[in-house]
Amino acid sequence: RSIQSSKQIMRAMQLVSASKLKRTQGRLVQARETMAFLDGVLQRVLAAAPELDHPLCQRRDGPSVLVLFTSDAGLCGSYNTNLLQMAEAHLRRDAARATRLVFIGKKGHRYLTKRGYHTAHAYLDLAGRPNLAKAAEIGRHLMQEFLSGNAGTVSVLYSRFASASTYRPTVETWLPITFHSPLTTHHSPLEYIFE
C-alpha cells in the first residue's frame, strides 16, 4: 500500500512537471528567437562601426566574474552535477585571476561555499520562476561591477536546453561585448548614425 501510494504521488508530480516543462519550452523558444534577433542587430552595428568606443565593449583588467545558474531544489538528475563539475574546472583553470562567483540558485551556492569558494553575490530567492525585474536588477549590478573596474570579464555558466533529456553546460562571456565574426553579405555595408 505504501509503494502504491508513493507511486500515485510520483505520477501526479510527473504530470504536473510535464505540463510545466511544455509551458516553459514555449517561453524558451520565444526568448531564444528574441535574443538571436537582438544579438544579430548588435553584431551588425559592431561590424559597421569597428571604431565604436562604448564602455561595455572595452577590455579591462581585473578579476573575472562567473555567474553560475543552478536549481534551487534537487530531483533533477545530473542537471546540477554537470554544472558544478564544469564550474570547478573553470575555477581551477582561472585560479590565478581569483574568479569571483555570483550564484543564481541554491544548489551551486551550497556546494561551492562548502568547498571554500568566495561568494561575490547570491540570488537564492527566485524559486525557479523567471522574474524580469530581478533579472534586470542582476544585469544592472553586473554591468556596474564591470564599468567600475571590479570585474575584468563577466561570464555565465548555465545549462543550455537541447531537449527534455539533454542539457549542455555552457560558459559564455557576457561582458565585454565582443564582435563574433565578420558577417558575410553580398550587399554594401549598412551605415549607422549614432546619436
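Leu91 is buried, because its relative accessible area is 7%, where buried means under 20% relative accessible area, exposed over 50% and partly exposed in between (1.4 Å probe, protein chains only). This is a predicted model, in which local features need pLDDT of at least 70 and side-chain atom pairs count only at pLDDT 80 or more, while totals for chains, interfaces and linings use all residues. Residues are numbered from 1 along each chain as its sequence is written, and side-chain values use heavy atoms, with hydrogens and water left out.

The protein chain holds four helices and five strands, which are DSSP runs (helices H or I, at least four residues; strands E, at least two) numbered from the N terminus. Their order from the N terminus is α-β-α-β-α-β-α-β-β. The C-alpha trace spans about 70 × 40 × 30 Å along its principal axes, and buried residues make up 25% of the 195 residues.

A nonpolar core is a set of buried Ala, Val, Leu, Ile, Met, Phe, Trp, Tyr and Cys residues joined through side-chain atoms within 4.5 Å. In the largest one, which has 14 residues, Val65, Val67, Val102, Leu142 and Val154 touch the most other members.

A second, separate core of 10 residues includes Leu66, Leu91, Leu112 and Leu157. Leu91 has its place in helix α2 (residues 79-93).

Helix α1 (residues 2-48) has 47 residues, which at 1.5 Å a residue should span 69 Å, and the 67 Å between its end C-alpha atoms agrees with this; the expected span is 1.5 Å times one less than the number of residues. Gln43, Val45 and Leu46 are buried in α1. Val45 and Leu91 are 46 residues apart in sequence and 33 Å apart in space, C-alpha to C-alpha.

Met13 also lies in helix α1 and counts as partly exposed because its relative accessibility is 38%. Together with Ile9, Met10 and Leu75, Met13 forms a nonpolar patch on the surface, with about 460 Å² of accessible area in total.

Notes
Patch = residues over 30% accessible without salt bridge, like charges linked within 9 Å, V, L, I, M, F, W, Y side chains within 5 Å. Areas by Shrake-Rupley, 256 points an atom, 1.4 Å probe, with all protein chains shown as cover. Salt bridge = Lys/Arg side-chain N within 4 Å of Asp/Glu carboxyl O.
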